[in-house]
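Here is a short briefing to read alongside the model. Take a look at the fold first, then work through the notes below.

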Amino acid sequence: MMTAKMSMKMLASLGAAALAASAGMASARGFESNGHTTEVRYHDLDLSTPSGQRALNARIKRAAVKVCPADTIAASKQCQKLAVANLRAPIDAAIAKAQSRSEERFAELGKEQAAPAGK
């Protein structure tokens, strides 16, 4: 499930990467926002599954296209690459959290099934 905090991190990160790439100095300096943001929602996805993870990655890539206007195709592609890379840590954290929850649910289900029938 997406939190508002995670959504805001993604918005800021995408906007920051867009400016850094369009300035052509992304590797030389930290990210700065260019004011372009877009929302990436994933509350409807099951990030504990490969298909949910692929869907999120596709949404992130589409969002990067939106926030990376540039004068050249090469600059736009570089911006998109940096925007997606800049979000890798929060995306990985969201996936890990979803997988952990999924494992906990299976563990709880196993306990319920192993419980002896009522007296």
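Of the 119 residues in this protein, 34% count as buried, where buried means under 20% relative accessible area, exposed means over 50%, and partly exposed lies in between (1.4 Å probe, protein chains only). This is a predicted model, in which local features need pLDDT of at least 70 and side-chain atom pairs count only at pLDDT 80 or more, while totals for chains, interfaces and linings use all residues. Residues are numbered from 1 along each chain as its sequence is written, and side-chain values use heavy atoms, with hydrogens and water left out.

**Overall layout**
- The protein has 4 helices and 0 strands, taking helices (H or I, at least four residues) and strands (E, at least two) as DSSP runs numbered from the N terminus.
- Reading from the N terminus, the order of elements is α-α-α-α.
- Contact here means heavy atoms within 4.5 Å; among contacts between residues at least 6 apart in sequence, 60% join residues at least 24 apart.

- The predictor's confidence in each residue, pLDDT, goes from 0 to 100; its mean for the protein is 74, and 59% of residues reach 70 or more.
- Confidence is highest in helix α2 (residues 50-67), with a mean of 94, and lowest in helix α1 (residues 4-22), with a mean of 48.
- Over residues 1-5 pLDDT stays under 50, and the model has 8 contacts beyond four places in sequence for them.
- Residues 16-30 also stay under 50 in pLDDT, and for this stretch the model has 26 contacts beyond four places in sequence.

**The nonpolar core**
- A nonpolar core is a set of buried Ala, Val, Leu, Ile, Met, Phe, Trp, Tyr and Cys residues joined through side-chain atoms within 4.5 Å.
- The largest one holds 18 residues, of which Tyr 42, Leu 47, Leu 56, Ile 60 and Ile 91 touch the most other members.
- At least two residues of this core come from each of α2, α3 and α4 (88-114), and α2 gives the most, with 5 residues.

**Helix α3 and Ser 76**
- The buried residues of α3 are Ser 76, Cys 79, Gln 80, Leu 82, Ala 83 and Val 84.
- Ser 76 sits in helix α3 (residues 73-86) and counts as buried because its relative accessibility is 15%.
- Beyond its neighbours within four places in sequence, Ser 76 is in contact with Cys 68 and Ala 70.
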